[in-house]
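Q: I am new to this structure; could you walk me through how its strands and helices are read?

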Amino acid sequence: MRIAIVPGDGIGKEVVPAALPALRLLSDAFGLDITYDVLDWGADRWLADGTGLPDDALDRLPKEYAGVLLGALGDPRIPDMAHGREILLGLRTGLDLYVNHRPLHLEHGTIDLYRENTQGLYSQIGGSVGSRGRVSVAMDECVYTRDTVERFVRHCLDRLRAAGRRKVTLVHKANAVPHTGRLWQEVFRAELDRFPELTGAEEYVDAFCYHLVRDASGYEGVLASNLFGDIISDIGAALMGGLGLACSASVCPETGFALFEPVHGSAPDIAGRGIANPYATAMCLAMLLDHTGHADAAALLRNCVRHAARTGAATPDLGGTGTTVSFMSEVTALMEKRLTIEGPRQARRLPHEES
Ligand code: NAD
Ligand code: IPM
Ligand code: MN
């Protein structure tokens with residue numbers, strides 16, 4: 001299995017290299033034969049030669065790799081994030097990675113948040129007019145096609161049913177944004193008829209955010225359009241304990257190709273200090289391992305990351321004294337210990353944790 005690694009910008013260049021030894025260890029221990037190439041896409045390359053997403057990238061990636069691990073994009077030298085849109089949104093739409101799974105691991109359990117990843121307010125349709133460097137009229141269109149909403153909703157309901165979830169909540173804003181809102185409601189209600197195991201609920205996004213923060217225990221599966229899903233995932237990260245914890249997978253169900261990235265950005269406020277939390281990046285690797293059929297390796301990694309994060313080895317955002325690198329060293333040391341004592345077959349489960 002070959003993986004494309006894009007550290008990107010800011011703390012992406014810290015958390016991704018720090019997490020790679022864990023991948024190597026798991027590849028060796030479980031005989032997975034994982035190799036990877038590190039790609040230099042990001043602000044430095046953009047500023048050096050104007051390349052964001054190389055011309056052949058969308059052709060080559062699915063042919064040569066099982067998936068991409070991306071750290072983060074965003075650099076103060078490129079304030080409009082033009083390179084980030086080209087690379088990140090270019091990968092999501094260009095490879096049709098329309099399902100963005102952003103699980104929220106909370107005290108009461110996991111909420112499976114699914115974000116539509118290709119259209120809505122991210123469709124890049126719009127424009128502006130103005131004069132003398134001042135914008136006077138601006139438009140960003142929120143576009144949804146029925147096909148896109150249908151395939152997204154159907155796939156998410158299928159995943160939720162397979163995961164044994166019973167309730168699914170559609171988040172929308174059909175009172176104020178009626179056209180796309182109605183399309184989502186229509187599709188959601190129609191698709192739910194095919195899934196008698198699932199009970200549907202619908203909530204306005206504002207009230208949903210209120211309820212989520214007050215008491216998240218009422219939610220199991222959540223479906224959201226592109227921008228609402230983006231915002232909800234940062235609120236969810238705060239409920240989990242910080243942006244350093246939240247991972248995501250953007251998947252094209254038809255090809256199986258996937259992009260794994262932490263929910264957080266390049267965090268210029270802490271970049272270069274060696275204290276960024278690599279937890280989310282390591283959890284992205286666990287999602288990648290799960291996605292490629294290596295559930296035992298994924299479970300071992302996940303359990304050791306969770307275990308290390310509860311100790312003083314955690315990074316400062318979690319109240320520990322660890323650094324990006326020392327936290328991942330603790331995780332690999334824990335994994336090595338389990339593998340030595342138990343061997344790869346049993347090592348996935350720590351005695352005090354769920355499998
Ligand atoms: P951010 O997510 O980078 O940071 C928000 C806050 O969370 C900051 O205080 C930061 O220090 C903290 N934080 C984030 N990740 C952390 C980690 N791993 N460990 C500890 N603390 C962490 O959001 P921002 O500051 O609004 O954005 C910075 C840049 O990143 C912008 O250019 C933005 O466009 C970009 N961005 C990129 C992605 C991506 O590539 N997927 C996602 C979000 C934002
Ligand atoms: C995310 C980010 C991106 C998004 C930005 C950087 C374009 O915030 O992945 O959550 O809005 O999707
Ligand atoms: Mn975001």
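A: Let us begin with a hairpin: E6 and E7 form one with 2 residues between them, and Arg132 in the turn has a positive phi of about 50 degrees. Helices (H or I, at least four residues) and strands (E, at least two) are DSSP runs, numbered from the N terminus. The model is predicted, so that local features need pLDDT of at least 70, side-chain atom pairs count only at pLDDT 80 or more, and totals for chains, interfaces and linings use all residues. Residues are numbered from 1 along each chain as its sequence is written.

Q: In which sense do strand E6 and strand E7 pair, and over how many bridges?
A: Two strands pair if DSSP finds at least two bridges between them. Here strand E6 (residues 126-131) and strand E7 (residues 134-140) are antiparallel, with 6 bridges, and Gly127 has Met139 in E7 as its bridge partner.

Q: What is the order of the 10 strands in the open sheet?
A: The order is E2-E1-E3-E12-E11-E4-E5-E10-E8-E9, with mixed pairing. Strand E2 (35-38) and strand E9 (199-204) are the edge strands, each pairing on one side only.

Q: Which strand pairs with E2 in the parallel sense?
A: Strand E1 (residues 2-8) does, over 4 bridges, and Ala4 stands opposite Asp37 in E2.

Q: Which strands does helix H5 touch where it packs on the sheet?
A: Contact means heavy atoms within 4.5 Å. Helix H5 (residues 146-162) touches strand E4 (99-106), strand E5 (109-116), strand E8 (167-172) and strand E10 (221-224), while helix H7 (residues 205-214), also packed on the sheet, touches E5, E8, E9 and E10.

Notes:
Chains are lettered from A and ligands numbered from 1 in the order in which they are written. Side-chain values use heavy atoms; hydrogens and water are left out. Axes are lines fitted to C-alpha atoms, for helices over the stretch in contact, and angles run from 0 to 180 degrees between N-to-C directions.
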